[in-house]
Every structure is written in C-alpha cells, then in structure tokens.
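Let us read this structure together. Ask about one feature at a time.

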Amino acid sequence: MLLNQFLLLGAFLFSTGVYGVLVRKHTVLVLMSIELMLAAVNINLVAFGAANHTVAGQVFALFVLTIAAAEVGIGLAIVLLIYRNLRTADLDDLELLKD
Amino acid sequence: MWFLDNAWLVPLIPALSFAVILLFGKRLPRKGSEVGIAAVGASFVLSVGAAIQWINHLRNADGASALGALGRAVGRLSAEGPAVEPITRATTWFESGTFKLSAGIQIDGLAVMMMFVVTLISLLVHIYSSEYMRGDVRYTHYYAALSLFTASMLLLVVADNTLLMLIGWELVGLCSFMLIGHWWEEKPNSDAALKAFLTTRTGDIGLLTGVVMTFFIVQRYTGHGSFNIVALNDAASSGKVSHTLIMWCALALLLGIMGKSGQFPLHTWLPDAMAGPTPVSALIHAATMVVAGVYLGARLYPVFWNGLSIGTPGHGAWNAMAIIGGITVLVGATLAFVQDDIKKVLAYSTISQLGYMTMALGVGAWTAAVFHLFTHAFFKADLFLGAGSVSHSGSHHSFDMKKDMGGLRKVMPQTFWTFVIGSLALAGIFPLAGFWSKDEILVNAGRHGYTAFVVVGLLGALLTAAYMTRCIYLTFFGEYRGGHAHADDGAHGHVVDAHESADAHGHGGPHESNWVLTMPLWVLTALAVVTGLLNYPTWHRFETWFQPRVHFVEAPAVPFNPILAIVSVAIALTGIGVAWAFYSGRLRALHDLSVRNAVARVGKMILVNKYYLDWLYTDVIVGGIKGPIAAGAYWVNQHIIDNVLNFTGRGARAVGRFTYDYIDQKGVDGVINGIATVTGEAGGETQKIQTGRLQFYALLLVLAVGLFAAALWIFT
C-alpha cells in the first residue's frame, strides 16, 4: 500500500508552505504558501481516506478546496486594499498589529 | 376526496400569488390586484369543494353505521356519530438522527370551516380593496401583503403539527405588522404597527414555550416526542400524562392566545391596529389575525380541557381561560362606549366578542365558541367594511363619528341597512346569526356550572346592544356634521390625494359607495342573517359537521334553553332602547351626567383612559424601567444605604486606623508592591515579543504547535 510516499509528499509540501509563510516578504507569496499547506493537508486526507477505504477523506478534501478558494478570494481582496491604502504589500512594513 | 386530499393547495396558491405580485405586480395592467383576487378566488373554490366533500364524507360514515341511522331516526344527528378520522397527509420536513419532523395537513371539520371563512372573507376584502385602495401609493405592495396574510392564516389552519402552526402564526403577525403600518410615513401608524407586533410577541413567548411542551407531552405518552396535533390531543386526553405538565402547557398556550386574540390585559394593541387601511381591519378582526388565538384554543382543546380541568369545575367554577375571557367581554364592551372613532368602537367590540369565544372555550362550550367565531366573522367583517364605506364616500375619509358623520342614513341607504343588520346580528337579536351563537355560549356556561359567566355574558349582551346603538345613531342619524371640507384629512392623506386624482365622481358631498364596495356588504349581511340557522336547536348541522369526533374530549351536548334566549334578547333590546332614548334626546336627565356627577365623571375618565392600561405599559412598565425605578434606586442608595454605610463606616474606621498603621502599611503593602513590581517587569519583558510583525507571530505559532506535538509524541 502506497501510504508513506503520500505522507512524505504531504509533509514536504507542508514544510515548504510553513517555510514560505515564515520567511517570504511579499504578502501574496505568503498567501500562496498557505495554499501549499492546504494542498498538503488535502493529500493527507485523500491518502488516509484511500487507505481506510472510506470516502470521508475525499469529502473533507472537497470541503477544504472550497474553503481555500473562498479564503484566497478574501485574502487577495484584503491584500489589495492594504496595498491601496498603505502603498505597500511588504510584510516587514506592516506593523499595525503592534498598536 | 380530491379537494380534501389536496387541501395543501389552499394556502399554497395565495403564497405563490404573493411572490408573483411582489415580482411582477407593478407591470400588470391592474397593478397586481387581479392576481390577488384570482388566487384567493381559487382558494375559495377549493375550500368550498373541501367543505362539500367533508360533509359528504361524514354522511357516508353515518350512513354506514347503525348509530348514524338511529341518529337520523330521532331527528338529531349528534356529534357523537361514528368516529371519522381527520384527513392527513404529511411529508418529511427534516430528519436529524432518529428525530424526524414531518410537515403536513390535517383536515377535519374545524379546518374545513376555517378555510371557508378565511378564504371567503379574504376574497371579499380583496375585491373591496380594489376600489377602496385605488390609486394608493403602495397599491401593489398592499395586495402582496394581503395575499401573504391569507396564505399564512390558511397555513395555520391546515397545519398538522404545532410547529407548523407556530410558523403560520408568526407569519400572520408579520403581515399584520406590514399592513397596519401600511401608511408608515405618519408616526402614529408605524407606532401602532410596532405596538401590535411587540404586544403579540409578548404572548408569543408563552406560545413558544407551550409548543415545546407539546413535544414532551407526546413524548411522555408514546415514548418518542412529536409535534403532531392528533398525537398531542390523544396524549392530553389519555389521562396518562402528568396533569401538572399539561396544565403548564395550557397556561403557556393561553398566554399566546391572549396576545394574539386581544384578551385582557394584552388587548391594547388591537384598537391601535385601526391605523391600517379599513379592509385590513376587517380582515384582521374577522377572519385572520385575531381569531388565530381562538382557533389554536379550539384545535388543541384537549390540552386546555384537561390542563385547566374545564370539564370538572371545582368550587366556585372558574378557570384561567374563562376568567380571562369574561374580563375581556366586559372591558371591551365598556371601552366601546367612549370612542369617537367608528373603527375603534368596532375594535373594542371585537375584543369583547373574542372574550366571548375564549370564555366559551373556558366553560367547556367548544362548539359554541367555534360557532361564535364563525358567525362573528361575517357580521364583524360586514361592520368594518360598512365603516370603510362610510368614510370612503360619506365623511371625507374621516372616522370620527362626532365630527364628520351623522345623518348619513338617507344618502347612503345601502351602507346604512347592511350596517344596521350587522349590528343587530352582533347584538344578538333573534333570528340573526349572533343570537344563536351567543345564546349557545350562555346556555353551555349555565349548564356546565359556570353560573357567574352567564351573568357576564348577559351583561356583555346589554352593553353590546347599547354601544352599537350609539354608534349607529352617531353615524347615520341626526344632522350631517361633516360639512367642512378636507380640513382634517391628515390621518389618511395618502388615499385622499391619490383617490381624488383618480376619482371621477368627485367629492361634492356624501354619497352612496359604488357597487364594488356595497356588493361585499350585501354578501356579508346575507351571511350574517342566515349562518346562525346552521345550528338551529333541532337541526345542529354546524355541530354535526364541524365538531371533531375522534382525538377529542366529550363535552356533553346541551339543549336549547328558550327562557335564557328570551332573557338575552330582552336584555339586548333594553340596551338598544336605553341607548336610543339617550342619544335621540329623550333621556335628557342623563345627559352630561359626567359633568354633573362625580362618580360618573371618574367612571368616564377611567374609560377614556382605557383603564389606564396603555399608561401602565408605556409609562409605568417601560418608563419605569428607564426613569423612576432608576431614580428610586438612587434615592434608596443616597438615603438608606449611605446611612447604613456611614454608621458602619465610623465603627470600621477605628478598626481600620489600627489595621492601616500596623498590618497594611508594613505587611500587606510590601507583598502588593512586590507583586506589582514583578508584574510590571514581566510585562515590560513580554512586550518585546509584541513586535507587530506577522511572521514572528506565525513563527511562535508553529513553534508552539511543534512543542505540543513533541509533547504528545513523548508522553503517549
């Protein structure tokens, strides 16, 4: 049963995503990294679902896809508004959370 | 059986008509009114079909049984014929686990009767409105709301479970809100709409609680809970469910009835609801909104019967339902005397008549209550539409009897005669409809041991006859007082403006309304004359057709009592005579009594102020929470609590001085200051983590999750 290979792929993707979220400076790239993490989760869900002979994993993966799409839509809209208001989308310059 | 099986179409058609009018109404040649009239007309035809089939259904059942044949042989088909199950159809509404909720229809005599009344009155109101509301600013919207109103009431009528009834009930409330506030540009109108909504909502708290309790009553009996009405009635009359539970359920539902059916002390919204267009008042007061409460009481009667022990009156013979109804009869009737607004007289009259119905339910006279609902619907709709006709063509859209009416008898003969017949029916004059139904209530109250309520009923009959005489005298007799032109049209300015531009016949003076307005009046008058005969003492068709024969309580049938009937008619005639003598000037001694006599003055002041109930609600309850209670609390605080505190304080100070010097300054302060220093420094250190840098937060998050994952891995 090909389970470990999928899990390894998922782990690799997830780590890449975490790395991207932590070090990339552009907000859009951070968003893309989050998508990578979600994709990794999806791979795990489908892999476990197949291994356990249940469709639940695939169903969840579909839900995750839907939510991810919505999240990207909202996220990009927020990034766009931030850029419009502050003329920058660089995370190093955004320190409003401090206040 | 097609009509009975497909009775779900009856509420569905007006509901669809609501959507169609709302979406396309403005583009239609007659602005949506044709859709509304056609839809309600179709519902009416279906209801008539259902009624005929139901009667045939009963006849077949009776014919097939020996008991029925025997019943016919003795000339009286009693309601205790063979059991006839209600026609039910249901579909699954939703399922969650093992809990399944179904939605469906339950068609029996009561539902068939109500369907007929609601669709008939609604149809007439729809037709009447096409003339009355012509040229109104929100004509299309008005028809849409009217359709939804009818649909919601019909949903409430055909529903087979209490939850579905609740939905219909709330929709009715919503529509009444929209229609009472139809001319919302004026503050009093939108206030009245809000008042109606909020007051009935107060009662709805009880209804909601009661509906939840019905679920558990059924659960106690059958093992699994359900909102189904048949199951509920079975459970309530089984005697196997705790009496206390049923009693609380009945009381909670009674609160709902009080709110919706304008029972004392929640009746105050009903006269204010006159702010809506007159056809709406007719619909609200005759067939839909306010009788919803009585219908609920009739539908779930076993709950009340057993919960309030109606069948076995204890010492003194009273119960909450009868008391509420009895008080409402008298409160409504007395308040009707001091109103100058013709619609408000009718509104208080409705309150009083609804009191009769609730009282009848309370004294165990189910058939009488439903019968009174049935007859009242016709003559009250007749009176309201008559009042609308008067204001439309006779008094320049005013409803003030003292200022703008009088002497209209000659110019508006059709309106006059229909109004008089409707009033006589309301006053219970033989042989009009109100006589039979009111009399049945009185007879039943007497027979079941509720003697006090017979007196209340007779007193109510006297007052009813008198205030209707006053109303007719002021409106139709004497001199015409509405000579001055459009001076005070403010209250209904919208119709006036629109009406005048659209009106070809102008407004030279009072004149008879055209046939669109008078036709419904005549139909309703005819019904007000004949419907009472449906339950003629030796014929009892109403009881045979409409009283449930299964899943119901057995209230003993009571024979007609000619003496009581004669007494009640005599009392009504006395009321008419005294009021007539007073207003036509033959009883001069009594005129201006309220100016000369202190007792009468106080009495009148109480009545004019509506027993101070509005004052109680808005100023004492609402205002009290806002102002006086706060002020009172402040006073208590300043004078009482402070004194106590000062006294305690002086004693405490001596102790405190000692404590301060030795324990506090030296011991406690040291500890406190130590803690403060540590906290401050820790805060200063941790502040450095709050960089505002998003990715730093993310890093902390990842590290924390990693730490927890590691801990989980190590320790398990």
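Q: How is the crossing of H17(B) and H20(B) handed?
A: A crossing is left-handed if the near helix is turned anticlockwise from the far one by less than a right angle, and right-handed if clockwise. In this predicted model, the crossing of H17(B) and H20(B) is left-handed. Helices (H or I, at least four residues) are DSSP runs, numbered from the N terminus.

Q: At what angle do H17(B) and H20(B) pack, and how far apart are their axes?
A: Two packed helices are described by the angle between their axes and the distance between the axes. Axes are lines fitted to C-alpha atoms, for helices over the stretch in contact, and angles run from 0 to 180 degrees between N-to-C directions. H17 (residues 366-393) and H20 (residues 433-447), both of chain B, pack at about 155°, with axes 9 Å apart. H17(B) is therefore roughly antiparallel (over 145 degrees) to H20(B).

Q: Which residues make the contact of H17(B) with H20(B)?
A: Two residues are in contact if their C-beta atoms, placed from the backbone, lie within 7 Å. H17(B) brings Phe371(B), His372(B) and Phe378(B), among others. The contact divides into 6 nonpolar, 5 polar and 2 charged residues. Here Ala, Val, Leu, Ile, Met, Phe, Trp, Tyr, Cys and Pro count as nonpolar, Asp, Glu, Lys and Arg as charged, and the others, Gly among them, as polar.

Q: How do H8(B) and H10(B) pack?
A: Use the angle and the axis distance again. For H8 (residues 187-222) and H10 (residues 243-260) of chain B, the angle is about 150° and the axes are 7 Å apart. So H8(B) and H10(B) are roughly antiparallel. Their crossing is left-handed. Their contact has 12 nonpolar, 10 polar and 3 charged residues.

Q: How many residues of chain A are in contact with chain B?
A: 9 residues of chain A touch 9 residues of chain B. On the chain A side, 7 are nonpolar, none polar and 2 charged.

Q: Where in chain B is confidence lowest, and where highest?
A: pLDDT is the predictor's confidence in each residue, from 0 to 100. Chain B has a mean of 78, and 84% of its residues reach 70 or more. Helix H22(B) (residues 493-502) is lowest, at a mean of 41, and helix H6(B) (residues 139-158) is highest, at 89. Residues 485-506 of chain B stay under 50. Where pLDDT is low, the predicted coordinates should not be read in detail.

Q: What scores and conventions apply?
A: The model has ipTM 0.83 and pTM 0.70. Residues are numbered from 1 along each chain as its sequence is written, and chains are lettered from A and ligands numbered from 1 in the order in which they are written. In this predicted model, local features need pLDDT of at least 70, side-chain atom pairs count only at pLDDT 80 or more, and totals for chains, interfaces and linings use all residues.

Conventions: Helix = DSSP H or I, 4+ residues; strand = E, 2+ residues; numbered from the N terminus. Parallel < 35°, antiparallel > 145°, perpendicular 65-115°, else oblique.
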